[in-house]
Amino acid sequence: MTRETERGRLKLALGPLLYYWPRTAVMQFYAGIAESAADIVYLGEVVCSRRHEMRFEDWVEVGDLLAAHGKEVVFSTQPVTESEGDLKLVRRVVQNARWRVEANDMGAVSLLAGATNWVAGPYLNLYSPQSLAMIAAMGATRWVAPVEVTQGIARGVLAERPAGMEAEVFAHGRLPLAYSARCFTARRYNLQKESCAYRCLEHPDGMLLKTREGLPFLVLNGVQTQSAKCYSLVPDLASVRATGIDVLRVSPQSAGTVETLAMLRALCDGASSGALPETDTCDGFWHGRPGLELAA
Amino acid sequence: MDLVCPAGSLPALKAAIDHGADWVYLGLRDSTNARNFAGLNFDRAALLQGLAYAHARRRKVLLALNTYPQAATWRRWTDAVDLAADTGVDAIIVADLALLDYAHRTHPGLTLHLSVQGSATNYEAINFYQERFGVTRAVLPRVLSLAQVELVARNTSVEIEVFGFGGLCVMVEGRCALSAYACGDSPNTFGACSPGHAVRWEETAAGLESRLNGVLIDRYAPGERAAYPTLCKGRFEVDGATYYAVEEPASLNTIELLPDFLRAGVRAVKIEGRQRSPAYVAQVTQVWREAIDALRAEPERFVPRAQWIAALGRHAEGSQQTLGAFSRPWK
Amino acid sequence: MKLLGLLPEWPPAVALSAALEIALVSGLLSRDALEPLRGKTLCIEARDLGVRVRLTYGALGFRPAARGSDADLEIKAAFADFVALATRREDPDTLFFTRRLVMTGDTDLGLIAKNALDAIDWSRLPRPLRGF
């Protein structure tokens with residue numbers, strides 16, 4: 001019996017929406033996702049607390065729609081909180097009685113401790129089996145690896161897998177690489193963050209940053225910095241499976257997300273090949289290389 | 001208010017103590033700390049000499065074990081915790097959940113500080129580390145405003161430490177994979193940002209160029225002040241404009257905020273720069289010692305002296321100093 | 001004035017080698033710390049004097065490099081700034097930010113050399129040998 005059949009079918013997760021879109025665009029997007037190949041959908045604002053197109057109640061509405069279509073819905077908390085207002089939202093997400101919660105900082109973990117069946121998000125910096133065991137004892141049942149995780153580190157973390165613990169990796173999309181207190185989109189327009197005029201709305205896939213030699217390098221998305229290249233573990237599915245990963249995370253883009261999910265589903269189910277929309281992909285992190293490299 | 005100063009070598013430790021540091025923080029010569037640079041830091045013998053020097057003068061030594069251990073190398077980190085306990089280090093600075101747990105269970109007498117790499121920006125997180133592991137001090141990431149620092153300090157009995165001077169991470173510490181993306185080594189797991197082996201400086205017809213694993217970070221005209229070759233301090237093109245897209249090369253300098261720190265309940269100020277030489281440590285420590293003493297003597301009348309500003313300005317990266325996130329306009 | 005540039009480079013190279021040898025032989029500078037420099041050529045240039053010194057590090061310690069060998073690392077600064085660095089009155093990063101110190105080539109070698117020099121505890125050297 002192979003590891004793959006032991007662990008069953010790879011599930012597909014859609015990570016939280018990282019960009020700022022108008023409410024109607026968000027609603028339309030998730031109506032499409034309801035019909036997509038995603039098994040799990042993470043919801044909520046995880047980049048900037050100034051973004052307010054989607055209120056808490058709107059996310060609840062989206063969640064209900066997705067749940068009605070058989071999706072597992074998970075509510076994600078903010079990785080970086082600054083104000084009491086931010087903390088209030090974390091408490092509200094944690095105390096939502098409907099869905100699982102993805103904790104993205106130790107404040108959320110603290111509020112969840114004693115609860116069961118929550119998700120340890122990619123920002124908790126869990127790199128060892130010892131830390132995974134601790135978080136399992138606090139009630140977590142899924143580990144989302146940090147985006148920079150290597151195959152070797154993931155194998156090490158999962159060597160002593162707690163009972164019932166699932167493992168998820170970032171498998172397709174622009175890597176969320178860093179968070180700041182400063183807003184780089186506002187900075188581009190010489191605006192202060194506090195009066196940013198919500199310029200992120202004009203950039204549905206962030207703003208491309210190039211080197212002075214014209215090389216596309218990063219993407220600025222408000223207070224978040226992403227990779228310009230699309231990280232993709234599509235060439236690595238065999239080693240991803242062999243490592244004991246259960247869930248592949250796809251990160252939303254303004255176009256092609258439903259198609260990416262469908263293609264990944266087909267590849268996971270045994271299709272020999274398929275064309276994904278992105279051509280310039282990278283997978284260096286998984287191989288212990290610089291993230292921007294294509295190592296497979 | 002405690003003054004916490006950096007040391008990358010024994011002479012730097014002596015310089016810090018001779019010039020008035022209350023605490024000196026240092027790391028071992030491996031990936032257990034976030035300044036894992038070739039030739040920097042302390043081996044066991046240097047650590048013992050440093051401890052003896054500090055303790056003879058009633059100052060304290062902090063060992064930074066602020067990176068994230070992995071399965072294959074777990075023992076490296078726990079051995080370092082054991083070494084700290086055995087040699088009488090006054091406290092360790094830790095970020096990793098499981099390592100805090102190990103230290104708390106194995107050496108209940110060892111004082112624990114939460115590292116800035118632990119990314120704790122709110123009091124719920126800080127109180128969690130206190131309840132679980134008995135953490136007594138937390139270093140805040142350089143992303144909070146003064147009002148936000150005060151909010152944290154008012155809602156916890158854990159001592160709050162903030163960065164006062166030195167290199168400025170514009171990204172939330174522990175939440176930045178930019179260096180790993182460009183050149184492989186990760187601050188979280190390997191303890192290095194923009195490691196020397198990936199850095200190239202080249203004098204070209206267009207100016208002095210810095211590259212990280214081949215990626216052009218910046219190009220300096222003759223006489224233009226240079227910066228560390230980190231991604232966040234480079235010049236790039238966004239939407240037709242070429243500029244410091246993330247952050248100008250600048251050093252944090254908060255000396256004028258000392259009275260505000262005092263009011264906000266801050267208990268310690270940290271100077272960045274374990275990678276810098278004994279000359280920097282001596283000069284910067286001396287200025288901050290004088291400033292904190294002046295604050296203690298007459299908190300209501302505290303005004304930064306011109307010679308302090310000048311002395312600190314000499315060491316700044318790039319051409320300017322900033323109040324960082326403590327000031328709202330910066331955000 | 002580039003007069004000195006016309007002179008043979010060996011005398012200053014020999015002097016610098018000798019200083020580093022003192023640190024090595026007296027145990028103040030650890031051979032382990034310098035191991036990554038083995039077989040590498042460092043070029044140190046005092047820009048204002050036009051003097052270039054090339055050293056290699058090997059089993060016998062620091063020696064003047066063979067003429068014509070390529071440098072793995074080049075460090076350039078004014079002579080007075082080198083003296084200030086050597087006597088710990090200046091911080092190399094501070095000089096580097098203001099472009100008074102330029103380091104090109106293999107950056108890691110530069111950091112290793114700089115950190116090894118920073119770690120020398122000159123207070124342990126017998127006073128007559130210290131010179132400052």
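**A note on how the chains meet**

1. Across the interface of chain B and chain C, 17 residue pairs are in polar contact, both residues of each pair being at pLDDT 80 or more. Please keep in mind as you read on that this is a predicted model.

2. Strand 9 of chain B gives the most, with 5 residues. By type, the residues of this side of chain B divide into 17 nonpolar, 11 polar and 10 charged.

3. Strand 9 of chain B also pairs with strand 5 (residues 102-106) of chain C, in the antiparallel sense and over 2 bridges.

4. The area buried between chain B and chain C is about 2,700 Å², and carbon and sulfur atoms give 52% of it.

5. Now for the other partner of chain B. Of the 2 pairs of chains that touch, chains A and B have the most contacts. Here 64 residues of chain B are in contact with 66 residues of chain A, and the two chains bury about 5,600 Å² between them, 59% of it on carbon and sulfur atoms. Chain A and chain C, by comparison, do not touch, and their nearest C-alpha atoms are 18 Å apart.

6. Between chain B and chain A, 30 residue pairs are in polar contact, both at pLDDT 80 or more. On the chain B side, helix 5 (residues 123-133) gives the most, with 7 residues. That side of chain B divides into 36 nonpolar, 13 polar and 15 charged residues.

7. The count of salt bridges between chain B and chain A is 5. One of them joins Arg187(A) to Glu248(B), with the closest N and O atoms 2.9 Å apart. Strands meet here too: strand 8 (residues 207-210) of chain A and strand 12 (residues 236-238) of chain B run antiparallel, joined by 2 bridges. Lys210(A) has Glu237(B) as its bridge partner in strand 12 of chain B.

8. Lastly, a look at the rings. The count over all chains comes to 24 aromatic pairs. Among them, Tyr231(A) and Phe285(A) form a tilted pair, 6.1 Å centre to centre with 50° between the planes. Tyr231(A) lies in strand 10 (residues 224-232) of chain A and Phe285(A) in the segment after strand 12 (281-282) of chain A, so this pair ties together parts that are 54 residues apart in sequence.

Definitions and conventions. Residues numbered from 1 in each chain as written. Chains lettered and ligands numbered in written order. Predicted model: local features only at pLDDT ≥ 70, side-chain atom pairs only at ≥ 80, totals over all residues. Heavy atoms only, no water. Contact = heavy atoms within 4.5 Å. Buried area = accessible area lost by both parts, 1.4 Å probe. Salt bridge = Lys/Arg side-chain N within 4 Å of Asp/Glu carboxyl O. Polar contact = N/O pair within 3.5 Å; in protein donor to acceptor, adjacent residues only side chain to side chain. Helix = DSSP H or I, 4+ residues; strand = E, 2+ residues; numbered from the N terminus. Nonpolar A, V, L, I, M, F, W, Y, C, P; charged D, E, K, R; others polar. Pairing = 2+ DSSP bridges. Phe/Tyr/Trp six-rings, centres within 6.5 Å; stacked < 30°, edge-to-face > 60°.
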